[in-house]
Amino acid sequence: MQSSSLLTPNALAFIGLCNEYCKATLQAAESECSDFTASMLRLLPRLYIAATDLPSATDPDGYIEPVMDEDLYDSSRRSIESLMGADDTYLEVFEEDMKYSDTPIAASVSEGLCDILQVCYNFIETIRDAPEPVVIQALDVIKSDFESYWSRILCNVLRALNQIRYSSVN
């Protein structure tokens, strides 16, 4: 007898992409900058599309327990920052405060990637061995958070990574 699941193929693909993103980001120190940049340029658009295609949140007021501690976040950020070198900093033109500023606002590739890592890591740890209703609620929360918060970060860091990857080609 086959059991029926409420998890759609896209939800399962999204979970897999979150896991793949966490693994790639946490292992950044073991990568070459060009390989890591290429990996992020493959993963981030797929993560964006899969998150966009998740069903609309039915319970966006749920909660995902913050599991990632500050030490893991900081060590991951420092690893990526070291890997990216001078390319870690870029000018952010879509920052809300930019309207009121006469000076450019700097952003960090490593911080953006680690902000996304924190979301994905907390999500993956929340759903690990969880019953399906908990997984579905966590998907609702991450979809809502994507719409209000980390989709913008993903797009901004993707633009910066694209510049890094293809500015040296010319």
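Me: Contact means heavy atoms within 4.5 Å of each other. Which residues of helix 1 and helix 2 meet in this predicted model?

Reply: Helix 1 brings Asn 10, Phe 14, Leu 17, Cys 18, Glu 20, Tyr 21, Ala 24 and Thr 25. Helix 2 answers with Phe 36, Ser 39, Met 40, Leu 43, Leu 44, Arg 46, Leu 47, Ala 50 and Ala 51. By class, that contact has twelve nonpolar, three polar and two charged residues.

Me: Why is helix 1 called roughly antiparallel to helix 2?

Reply: Helix 1 (residues 9–26) and helix 2 (residues 33–52) pack at about 155 degrees, with axes 10 Å apart. Angles over 145 degrees count as roughly antiparallel, so helix 1 is roughly antiparallel to helix 2. Their crossing is left-handed.

Me: How do you know which class of residue makes the contact of helix 2 with helix 4?

Reply: Phe 36, Met 40, Leu 44 and Leu 47 of helix 2 touch Leu 113, Ile 116 and Cys 120 of helix 4. Phe, Met, Leu, Ile and Cys count as nonpolar. Therefore the tally is seven nonpolar, no polar and no charged.

Me: Why is helix 1 called roughly perpendicular to helix 5?

Reply: Helix 1 and helix 5 pack at about 70 degrees, with their axes 12 Å apart. The range for roughly perpendicular is 65 to 115 degrees, so helix 1 is roughly perpendicular to helix 5. This crossing is left-handed. Ala 11, Phe 14 and Ile 15 of helix 1 meet Val 135, Leu 139, Ile 142 and Trp 150 of helix 5. The class count is seven nonpolar, no polar and no charged residues.

Me: What makes up the lining of the largest pocket?

Reply: The largest pocket has a volume of about 230 Å³. Among its 13 lining residues, the closest to the centre are Tyr 90, Ala 107, Ser 108, Gly 112 and Asp 115. Strand 1 (89–92), strand 2 (105–108), helix 4 (109–127) and helix 5 (132–167) give two or more residues each. Strand 2 gives the largest share, four residues. The lining divides into five nonpolar, three polar and five charged residues.

How values were computed: Residues numbered from 1 in each chain as written. Predicted model: local features only at pLDDT ≥ 70, side-chain atom pairs only at ≥ 80, totals over all residues. Heavy atoms only, no water. 1 Å grid on protein atoms, 1.4 Å probe; cavity = no way out; pocket = protein on both sides within 12 Å on 5 of 7 lines; lining within 4 Å. Points joined across faces, edges and corners; volume = space filled by probe spheres on them. Axes fitted to C-alpha atoms, helices over the stretch in contact; angles between N-to-C directions. Parallel < 35°, antiparallel > 145°, perpendicular 65-115°, else oblique. Left-handed = near helix turned anticlockwise from the far one by under 90°.
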